[in-house]
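Subject: Structure handover

Hello,

Please find the structure below. My notes on it follow.

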Amino acid sequence: MNGLLIGRFQPFHLGHLEALRFALSKVDRLWIGLGSSNKPTEKSNPFSAEERKEMILSSINDSMKKRISIYFIPDLDNHVKWIEKIDTIVPKFDIVFSNDELTNHLYSKRTVKVVPIPFLKRNELSGTNIRDLIISDQKWDHLVPEGTKNFLINTSANDRLKNL
């Protein structure tokens, strides 16, 4: 059985890692959709799809890597066209893992099962919170996996975020 998990992963944090583990406990193969892949770099989307892919791959172990594939999902203004576009990018899947009401609504009209993801420390583990901590020079590295931490340090994410 195959599943789909779409996220922006700006940046990839421990909550996302837990979501991947949860999804992989339910399916054999997991397609990870990097949302907003066509958006220019901006304050709420500071990392490119390639960079987010690198963060994920550097943060997961080899057994997880064998069971996932990563796809770039562009934003479209039309929601129905958006899920039709996903069908052209991502191989067939049986389950969508999502807590997003719109995504749940769109897929409820199909034969795809929508499974909610348990949130882990949602107030701390959000991309917005982590970006804000980085910008304000507060401690953030305990909220992300080692691979993401190294990526953010090596790419001077602090400077990038402050300049957006």
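Strand β1 (residues 2-7) pairs with strand β2 over six bridges, in the parallel sense; two strands pair if DSSP finds at least two bridges between them. Helices (H or I, at least four residues) and strands (E, at least two) are DSSP runs, numbered from the N terminus. This is a predicted model, in which local features need pLDDT of at least 70 and side-chain atom pairs count only at pLDDT 80 or more, while totals for chains, interfaces and linings use all residues. Residues are numbered from 1 along each chain as its sequence is written, and side-chain values use heavy atoms, with hydrogens and water left out.

From β1 the chain passes through α1 to β2, a right-handed β-α-β crossover (with the strands pointing away from the viewer, the path from the first strand over the helix to the second runs clockwise).

On its other pairing, β2 joins strand β3 (residues 68-72) in the parallel sense over five bridges, and G33 stands opposite Y71 in β3.

As for burial (buried means under 20% relative accessible area, exposed over 50%, partly exposed in between, with a 1.4 Å probe and protein chains only), five of the six residues of β2 (residues 29-34) are buried, so β2 is largely enclosed by the rest of the structure. Helix α1 (residues 14-24) is also largely enclosed, because eight of its eleven residues are buried. Among them are H16, L17, F22 and L24.

Regards
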